[in-house]
Amino acid sequence: MTNTVPVITIDGPSAAGKGQLCQEMTKILKWNFLDSGLIYRVLALLTLENQINLSVEEDICRVAMQLQVLFYSKNGKVQVILEGKDVSTKIRNQNISIIASKIAVLPCVREILLSFQRKFRLPPGLITDGRDMGSVVFPDALIKIFLDANLSERVNRRKLQLQKNGFSVNFNNLIDQIQERDERDRQRSSSPLLLAPDALRIDSTNIPMKQVLGIALNYVYKKLSLL
């Protein structure tokens, strides 16, 4: 890749705070934003609505090749438009999250969506949220950050997020689901979740987002000064 548009990748496990950090950085830097997880959630929704068997990789890949989705930023939030309909809320439930995680381990799906994600790399720059953004999708990214937090903190954050969106939550079930997702993300053969050797790791377990943002921006400004 020789694209000169700068990229900031924010990778990390589920519910580590990546989305909030990316949104805050996007507002400050006025850059483009890519939430890769939303793409997999949209694909999960299509798979569910079309009653596609998750064990038939070929059928899922066929849907991925025909994916038509748009993203818009409105009032600090990302709107997801699928085939002319706003599905922003519809793709946020835990069932969609589980399906998306299972789909994400399929090598053909990741390969198909690779070029789709790289199209978001436009001036003045791009901020990405994902699990393999710095290691696979944008390996030449100028700035790589790995945001982490311990399991109990991440489960609590996801619980509050789901409750805020009107979903009922069983805490013990949520622990199992996030642990299973962590395992799938780290053990999948294609583009596993990992800490890129040139990434800054931030543990957000015991610090507020305002402080996480400060650490990240300080690192970003130092890197950008090298351009």
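Modeller: Helix 1, strand 2 and strand 3 (69-74) each give at least two residues to the lining of the second largest pocket. Helices (H or I, at least four residues) and strands (E, at least two) are DSSP runs, numbered from the N terminus. The model is predicted, so local features need pLDDT of at least 70 and side-chain atom pairs pLDDT 80 or more, while totals for chains, interfaces and linings use all residues. Numbering starts from 1 along each chain as its sequence is written, and side-chain values use heavy atoms, without hydrogens or water.

Stay with that pocket. Strand 2 gives the most to its lining, with four residues. The lining holds 15 residues in total, and T26, F33, Y72, S73 and V78 lie nearest the centre. The second largest pocket contains about 230 Å³ of space. Its lining has eight nonpolar, five polar and two charged residues. Here Ala, Val, Leu, Ile, Met, Phe, Trp, Tyr, Cys and Pro are nonpolar; Asp, Glu, Lys and Arg are charged; the others, Gly among them, are polar.

On a 1 Å grid over the protein atoms alone, a pocket is an open set of points with protein on both sides within 12 Å along at least five of seven lines; a cavity is a set where a 1.4 Å probe fits but cannot get out; lining residues have an atom within 4 Å of a point. Points join across faces, edges and corners, and volume is the space filled by probe spheres on them.

Now the largest pocket. Its volume is about 1,400 Å³. It is lined by 44 residues, with G19, Q20, Q23, R92 and Q161 closest to the centre. Twelve of the lining residues are nonpolar, 18 polar and 14 charged.

The structure has three cavities of 30 Å³ or more. The largest cavity holds about 110 Å³. Its lining counts 13 residues, and closest to the centre are Y40, A104, R110, R131 and R181. Helix 2, helix 4 and helix 8 (171-187) each give two or more residues to this lining. Helix 2 has the largest share, with three. By class, the lining of the largest cavity has three nonpolar, four polar and six charged residues.

R110 is buried, at 7% relative accessible area. Buried means under 20%, exposed over 50%, partly exposed in between (1.4 Å probe, protein chains only). Beyond its neighbours within four places in sequence, R110 is in contact with Y40, A104, D132, R188, S190 and S191. Contact means heavy atoms within 4.5 Å. R110 and S191 stand 81 residues apart in sequence, yet their C-alpha atoms are 8.0 Å apart in space.

Finally, helix 8. Its buried residues are L174, I178, R181, D182, R184 and D185. They span an arc of only 165 degrees around the axis, so they lie on the same side of helix 8. The arc is taken from directions running from the helix axis to the C-beta atoms. Among the elements covering these buried residues are helix 4 and helix 7. The face turned away from the buried side of helix 8 carries N172 and Q187, both exposed.
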